[in-house]
Protein chains: 2
Amino acid sequence: MRAVLDVKKHVLIYGLLSGSLIAVLKLVEYRFLVVEHSLEIYGGLVATVFAGLGIWLGSRLTTKEARVVVREILVPSTGPFTVNEAKREELGITPRELEILGLIAGGLSNREIAGKLFVSENTVKTHSSRLFDKLGAKRRTQAAQIGKDLGLIP
Amino acid sequence: MRAVLDVKKHVLIYGLLSGSLIAVLKLVEYRFLVVEHSLEIYGGLVATVFAGLGIWLGSRLTTKEARVVVREILVPSTGPFTVNEAKREELGITPRELEILGLIAGGLSNREIAGKLFVSENTVKTHSSRLFDKLGAKRRTQAAQIGKDLGLIP
DNA sequence: CCTGTCGTCATCCTTTCGGGTGATTTTCGA
DNA sequence: TCGAAAATCACCCGAAAGGATGACGACAGG
């Protein structure tokens with residue numbers, strides 16, 4: 001959607017510029033027509049302007065295709081912590097599960113987590129169960145350890 | 001180097017095309033000149049062709065660039081870890097208890113710790129109980145968290 | 001020699017965790 | 001608006017963890 005709109009916008013701008021330019025040329029053509037070789041001047045002028053316009057348009061239309069290849073491995077303790085979204089997505093860990101992982105690592109019991117999140121203890125247990133599955137952990141302490149290693153929690 | 005050559009090549013082609021185009025226009029201008037409104041037709045023709053040329057040139061000139069490769073590598077954050085002996089003494093934590101704290105934080109169960117240290121599971125439980133007392137922790141996850149905060153474990 | 005600390009082990013009991021299963025509601029994108 | 005993913009909750013059961021208490025040997029220091 002975004003890209004289509006951008007293209008439409010550019011085409012619109014291009015059209016408007018072209019229209020006004022032609023109007024200007026139409027206005028001034030009679031003055032230069034009396035001069036000898038005015039046709040060449042006129043043609044060159046039009047060619048130059050439209051070539052520039054075309055170049056601009058061409059640039060606008062194609063620079064969007066910039067391919068960005070991001071190869072990330074792991075980020076340790078540099079500056080403020082940011083969640084490793086790639087890993088999170090890769091393991092299919094939901095935001096809620098990640099939140100609970102943080103609280104587990106913080107040393108809270110299931111009951112305390114339930115209280116802090118205003119949900120039932122059973123809910124916390126299901127979340128943590130699925131979390132352990134996705135992390136390949138057997139215990140909450142192990143989940144905390146793995147979570148830190150993967151950069152999911154500070 | 002490669003990019004510069006490319007640009008030069010493009011400019012050259014552009015120039016040649018422009019030149020021949022102008023020549024063609026020059027040749028045919030007299031035929032259309034007799035027709036009414038030929039100037040508008042001529043202008044539109046030139047504008048169209050050069051705009052297309054410009055777009056082509058603009059595309060050629062810009063699509064090749066913008067290939068970004070970001071690489072993040074793991075770094076040993078704070079050098080080799082050293083135990084906070086002061087805190088350890090202050091809390092009266094014995095070396096054995098500290099050892100077990102490390103294994104707890106590593107995500108091991110009491111049984112696994114017992115196996116690794118060649119002691120009974122009961123022994124591990126007594127150690128960890130006393131450890132939790134000294135740390136003021138209620139759970140092993142909390143003990144791990146506190147231990148990290150106090151600099152007792154990496 | 002006697003005492004305190006440390007490490008070791010045990011037994012009993014309660015609480016917490018974790019696995020498994022099933023179900024309902026929310027949310028969100030096609 | 002339809003369906004998939006996410007979030008919610010419940011119940012059961014076995015395993016793990018934790019609290020309390022007692023005991024025993026080794027060893028250092030007074």
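Guide: At 35% relative accessibility, A:E112 counts as partly exposed; buried means under 20% relative accessible area, exposed over 50%, and partly exposed in between, with a 1.4 Å probe and protein chains only. This is a predicted model, in which local features need pLDDT of at least 70 and side-chain atom pairs count only at pLDDT 80 or more, while totals for chains, interfaces and linings use all residues. Residues are numbered from 1 along each chain as its sequence is written, chains are lettered from A and ligands numbered from 1 in the order in which they are written, and side-chain values use heavy atoms, with hydrogens and water left out.

A:E112 forms a salt bridge with B:R139, and their closest N and O atoms are 2.8 Å apart. Because A:E112 lies in helix α5 of chain A and B:R139 in the loop between α6 (121-135) and α7 of chain B, the pair joins two chains. Helices (H or I, at least four residues) and strands (E, at least two) are DSSP runs, numbered from the N terminus. A salt bridge here is a side-chain nitrogen of Lys or Arg within 4 Å of a carboxyl oxygen of Asp or Glu. By this rule there are 14 salt bridges over all chains.

Helix α5 of chain A takes part in another one. The side chains of A:R111 and A:E121 meet in a salt bridge, 3.7 Å from N to O. A:E121 lies in α6 and A:R111 in α5 of chain A, so this pair ties together parts that are 10 residues apart in sequence. A:R111 is exposed, with a relative accessible area of 61%, whereas A:E121 is partly exposed at 32%.

In α4 (residues 95-105) the buried residues are A:E97, A:L98, A:I100, A:L101, A:L103, A:I104 and A:A105. What covers them includes α3, α5, α6 and α7 of chain A, together with α7 of chain B. After α4(A) comes A:G107, whose phi is positive, near 95°.

Next comes the DNA. 20 residues surround DNA strand C, the closest being A:K125, A:R140, B:T94, B:S120 and B:N122; near means that a heavy atom of the residue lies within 4 Å. α5 and α6 of chain A, with α4 and α6 of chain B, each supply at least two residues of the surface near DNA strand C. The largest share, five residues, comes from α6(B). A polar backbone atom of A:N110 is 3.3 Å from a phosphate oxygen of DNA strand C.

The mean pLDDT of chain A is 72, and 49% of its residues reach 70 or more. Confidence in chain A is highest in α6(A), at 97, and lowest in strand β1 (residues 67-72), at a mean of 39. Where pLDDT is low, the predicted coordinates should not be read in detail.

Definitions and conventions
Contact means heavy atoms within 4.5 Å. pLDDT is the predictor's confidence in each residue, from 0 to 100. A polar contact is a pair of N or O atoms within 3.5 Å; within protein, one must be able to donate a hydrogen and the other to accept it, and residues adjacent in sequence count only if both atoms are side-chain atoms.
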